[in-house]
Amino acid sequence: MQHKRLIPPADCVEEITRRLTIIDAHPQLNALLGINPDALAEAAQYETLRRRGQPAGPLHGVPLIVKDNIACTGLPLTLGCAALAQLRATTDALVVRRLRQAGAIVLARANMSEFAFDVRSRSTLGGDVHHPRFPGITAGGSSGGSAAAVAAGMAEGALGTDTGGSIRIPCSYTGLVGLRPRVRRAQMQGIAPLSLSKDTVGPMVHSVQDAALLHAIIHGQTPSTLEPLSLKGVRLGVIRALEGDDPAQQAVWYDALATLRRHGATLVDTDLPILPEVAIATCLSLYEFRVAFNAWLQQHPGAPADLGAIVASGQCLPEFMPLLNQMLASETLRTPQWRAGRQLRRRLHQTLGLLAEEGRLDGFLYPTVGRVPDSLEKMPPGCAPELAAISGFAAITIPCGTTLTGFPVGLEILSAAGEESALLALAAACETAFSLP
């Protein structure tokens, strides 16, 4: 298992200065929308406390990147949209407040897919987020700026949001660990909404240990050392229908499964007859966004009056205009399609729970995405990321290898258990298996 990287620096000012140098060296990535101008001053304060032996918390002086739909007091809150360029947060989001209480420094705001709509990160304010190791290829979305920043070394960790795969897709593309917790509405306080049924916020980091640390902190829990399970006796359901059609990725995937078997895991091929229906519930955000987003705008003085005003201004991505107009045309939330999506959500939750119980499964496995990207354009991720988003269960992506060209491949684990602790322990065991020769 990888060691933690989110540890208090030996010198807080030197650490921030080093990260700023890395940021300056990678403007072509378009990973960030802005730097916290007070980061060095905050680091100096933390360094004074460190020298006095007065640590602020487990993240004392640790720089983190925050996606730009998550409020940070005094900093812009733009969602990547030109129409919101002048909007500034007046309070911290709950998760940011908890990070600061643990001693973290918000170093920068991450570029993202405008409004968090897409599975690649393109915005009017930041352009396309590029992959740190593969120029001209997308870093994924919608939390692509957070992933690219961490993968490039601008920070060791970041926060992203995940509605239909927005943490897990870019983490898979960039070789990171990304945790989508189960939905907890209270945790989204201070975060711009996309779909109240599916929105979550979670860590994007280099190791499962660091994911567990940030997860505990942003949920108000006391961090503890994560003890990985032994894979001996662990039963995992492999959803073959989600293996995709990319031969280069499949080769890595099959090697990963062989590794898990070699370390004692029992892999059970698992059919999911409900899978073809999953696309129905992806429309939940189509109907939920306008209502939730208009309410969010009303909470921010100086923001446009509503989504209609933003569309009328023309200050958003032209390619999103048809979708935005479709959202505006829906006069009610509770459409037949929305009701069908909610009904499918309950059925999928029950189906996965029964499969896990009847098969004595500790989790489900599948590739995080259907294929690796080859351009800056959107790659169809398939419905794999939507399994967790629609069912409401937690999921985590971990790197399980690279293609012959060196492109990372992610393996997703979905847990039908209520809490994330068992999922994190299982992910740590898999991570250990992949790290051994």
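Is R168 buried or exposed, and what is its relative accessible area? R168 is buried, with a relative accessible area of 0%; buried means under 20% relative accessible area, exposed over 50% and partly exposed in between, with a 1.4 Å probe and protein chains only.

The model is predicted: local features need pLDDT of at least 70, side-chain atom pairs count only at pLDDT 80 or more, and totals for chains, interfaces and linings use all residues. Residues are numbered from 1 along each chain as its sequence is written, and side-chain values use heavy atoms, with hydrogens and water left out.

R168 belongs to helix α5, residues 168-174. Helices (H or I, at least four residues) and strands (E, at least two) are DSSP runs numbered from the N terminus. Contact is defined as heavy atoms within 4.5 Å. Not counting residues up to four places away in sequence, R168 touches D162, G178, R180, T368, P385, A388, A389, A395, T397 and E412.

Helix α13 spans residues 384-391 and is mostly covered, with eight of its eight residues buried. These are A384, P385, E386, L387, A388, A389, I390 and S391. After α13 comes G392, whose phi is positive, near 90°.

**D128 and the side-chain polar contacts**

D128 lies in strand β5, residues 127-128. D128 is buried, with a relative accessible area of 15%. Leaving aside neighbours within four places in sequence, its contacts are L29, N30, R120, S121, R122 and L376. N111 is 17 residues from D128 along the chain, and their C-alpha atoms are separated by 8.6 Å.

**Nonpolar cores**

A nonpolar core is a set of buried Ala, Val, Leu, Ile, Met, Phe, Trp, Tyr and Cys residues joined through side-chain atoms within 4.5 Å. The largest has 100 residues, and L59 and F115 touch the most other members. Helix α14 (residues 421-435) supplies the largest share of this core, 10 residues. A second, separate core has 30 residues, including C12, L29, A158 and I167.

Not counting residues up to four places away in sequence, L59 touches L6, L64, L99, A102, G103, A104, L213, L214 and I217.
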